[in-house]
Amino acid sequence: MKNEVLIAGFGGQGILLMGRLLAEAAMKDGYHATWFPSYGPEMRGGTANCTTIFSDEEIGSPIAACYDIVIAMNQPSLERFGPKVRPGGHLLVNSSMVPIKCERRDIQCAYVPAVTIAGQMAQERVANVVMLGSLLGICPAPILSAYEEAIRSIIGVKKPELVKINLDALAAGRAAVEEQLCAPV
Amino acid sequence: MSIEMAMMGKASADDRPATTCDDVECVMARPASMTDKLMHYCPGCTHGIIHRLVGEMIDEFGLLDHTVGVCPVGCSVFAYEYFQCDAIEASHGRAPAVATAVKRTDSSRFVFTYQGDGDLASIGMAETIHAAARGERITIFFVNNGIYGMTGGQMAPTSLIGQKTTTSPSGRIAETTGMPIGVCELLSSLKGVAYLARVPISSPKNINTARKYMRKAIRAQLENKGLGLVEFLSTCPVQWAMSPIAAMKHIDNTVIKTFPPGVFVDRVDPVDATSTPMPAVAHTGAEA
Amino acid sequence: MSATLEHPGAKNVAAESEPRGTEQVAGTKRLVKGNEALALGAVHGGLEAFFGYPITPQNEIPEILSGLLPSLGRVFLQAESEVASINMVYGASAAGHRTMTSSSSPGISLMMEGLSYIAGARLPCVIINVMRGGPGLGNIAPSQADYFQACKGGGHGDFHSLVLAPWNVQEMFELPALAFDLADRYRTPVFILADAVLGSMLEPAVVPDQIPPLRKVSKEWATVGRGRRAVKNVVNSLYLDPEVLSAHNETLQSTYREARREIRYDTRFTDDAEILLVAFGIAARVGLSAVRLLRKQGMRIGLLRPITLFPFPSDAIKHLAKQVRQTFVFELNSGQMVEDVRLAVNGISPVDFYGRMGGVLPGPEELAEQIRSRIGRGDSL
């Protein structure tokens, strides 16, 4: 099993943290994992993306030309990386920020209004973790408890008061995708 | 028995008891911190005098066991051959960086650099300024003879206006080569400098003044006050094309007009600063 | 000593000289950034004094050390330039300490004069180059274009540094300690060649919980202050007499020959290989992925990854060149290590090269396609 995941959006959306949480969760679930960031010269407001790979065998290249899963947090990311999802792969779109749909039929797409969901939790900042939670709805690994552990160890170290809301965001994202994928097309 | 033999403490040939210093007053001996290696310097060069002063100081402070000297590229490239202490040969201009590391890794060491004007004020100016700005606890002996001696008499950053060198054959022109750099003036604005003084090596009186300055520059390090630097206005009779005596007179009559001697900074004994006339330039903005 | 060497198929031809205890120490597996691993690895390896100047993409190294080293009573100093940094390393090494600097390509260029003095004075030290695209200011993307600079001397005069090339974060942690041991053993500078991807990526690595106490390595030649020593020590690279300098050069060269017993490399899938891929560092990781892709397609291809770039694993490559039909070299440069591979293979079988420059890191598919399309095409350089 190997999953190559690309997460992309604007700088400041918590893109790099999402990738890091995923890598941490994968490691805690016993997988080999890598995380590689790529971002523009602007620290805020520019484009940001990162590649997280997890696998049950030693990982070669920490970057990839195409991906099993792409999480697009904004429209430019969808346009740029949507075509790079492998046939049969998944595309997760933050539909709060992306008004368009992907037209590909050879991949599975899910649209998660992450900012709206996060707003309902009175904390729009956790939209990134909502999107991360949506991964749980399409990919069996890493398991939920590994994500939760990752949140506790990465976010909890500096801001323990934010652990609960992030765990809630994770669950909300998962529920949103499961609902969508189970719904009759 | 000759005085030389008495100084060396050797018995005379007929095995009579050696004449001791009780009988013959020993007025001059090589400092224990120096080797008996024959120096390579040109006749009349003041490096020999300044080396001796360094040796005297290491003896006087009892520092030989934990001294590390850092030698430069230039005429004094072989300085390590003349001292008994451990020594490091630095690349051109980098002695203050090398000395910084030797001192930082063990503050119980006494670390000095011995540098010429091309080394310290041209290629190594960045290292000089930053070591001074950081207040490195090192002591710099800066030999300024206003010329590149070893490479054959080229113009130095401290060459005087009008001075003829092999790369300023008609005399140094300010319009194209700028003005001589006054290292003491330049460094005196930096708070990391604990002691800064300039002295001509042109007479026994001035050599005594040099000893006084060197003691302070060494104390700046030993008392953890900051960087100490003594600039020696030195001769280069060969490249200046002067006799040794004429070269000495040239320092007193001409060089000191561009490079006024005196104490520029004294944070070792701050009271002394008032009793020692400081060049007017040294005060400008230094303690605002 | 490294995690990868425990992998089946991995070979370590330097078994006779394992530098430090392989005893198990308590450690935690956690996500570690490559640059962080280099910094921690150096401290665990006995780094006493670090001198450096900021440059991307290696800034985490001085940032971490600026807090960690002083807390351990060791020396951290941000120098005014890379020129000063390498000369501070020269001074700290002359005074007998384990010392290091880190930089990236343009900064390393500035250090080349100092490196030559360090090699000439036979001083041990470690220099990390987290390589970026060049020449000139280039960019801050991954590159391997400083292979020649690191492996062929770099500065003036006949000298070499030993050169180690990690390929994952665990090795980024482990190789600095090895580098210090090799530096002290051979009295020579040791390079660690990483790149912008290895420096910036996170990967699980086991880092011991406790920083070991300093083991003072005795250096009778060091200029520490004379103390009660009968003779003074002088650290120097000046030998005006040509015969004396010639003898000094012979000593250096024999040191490099002796260091051949430290050769380290790693192989994957080479037992039945008909095609051999040679790559180092991050390129070898792309290479491993490409090898797996091609194996799935039925190609019997294997990977050899030099861990020591100098001394170079020439014998191992020559041995495999007799077994395979063709050798490919993949580098993030215009073709530098390939020259050493060609010297090793020496015409036994064809050697082909694929490289990307300017900071481009191609994916495994691109490399696999290049290899597939060149099979049987022979020596194209």
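Here is a short chat about how the chains of this predicted model touch each other.

Q: What should I know before I start reading?

A: Residues are numbered from 1 along each chain as its sequence is written, and chains are lettered from A and ligands numbered from 1 in the order in which they are written. This is a predicted model, where local features need pLDDT of at least 70, side-chain atom pairs count only at pLDDT 80 or more, and totals for chains, interfaces and linings use all residues; side-chain values use heavy atoms, with hydrogens and water left out.

Q: How many residues of chain B and chain C are in contact?

A: Contact means heavy atoms within 4.5 Å. Here, 36 residues of chain B touch 33 residues of chain C.

Q: What area is buried between chain B and chain C?

A: Buried area is the accessible area (1.4 Å probe) that two parts lose on being put together, summed over both. For this pair that comes to about 2,600 Å², with carbon and sulfur atoms giving 57%. B:Asp65, B:Asp86 and B:Thr105 supply 21% of what chain B buries against chain C, more than any other three residues.

Q: Which residue forms a salt bridge with B:Asp86?

A: Look for a side-chain nitrogen of Lys or Arg within 4 Å of a carboxyl oxygen of Asp or Glu. C:Arg229 is the partner, with the closest N and O atoms 2.8 Å apart. Chain B and chain C have two salt bridges between them.

Q: Which strand of chain C pairs with strand 2 of chain B?

A: Strands are DSSP runs of E, at least two residues, and helices are runs of H or I, at least four, numbered from the N terminus. Two strands pair if DSSP finds at least two bridges between them. Strand 2 of chain B pairs with strand 9 (residues 234–235) of chain C, in the parallel sense over two bridges. In that pairing, B:Ile88 sits opposite C:Val235.

Q: And what about chain C and chain A: how many residues does each give to the contact?

A: Chain C gives 24 residues and chain A gives 19. The two chains bury about 1,700 Å² between them, 60% of it on carbon and sulfur atoms. C:Leu31, C:Leu202 and C:Arg292 supply 32% of the area that chain C buries against chain A, more than any other three residues. C:Arg292 also meets A:Glu57 in a salt bridge (3.4 Å, N to O).

Q: Is C:Arg98 buried or exposed?

A: Buried means under 20% relative accessible area, exposed over 50%, and partly exposed in between (1.4 Å probe, protein chains only). C:Arg98 counts as buried because its relative accessibility is 7%.
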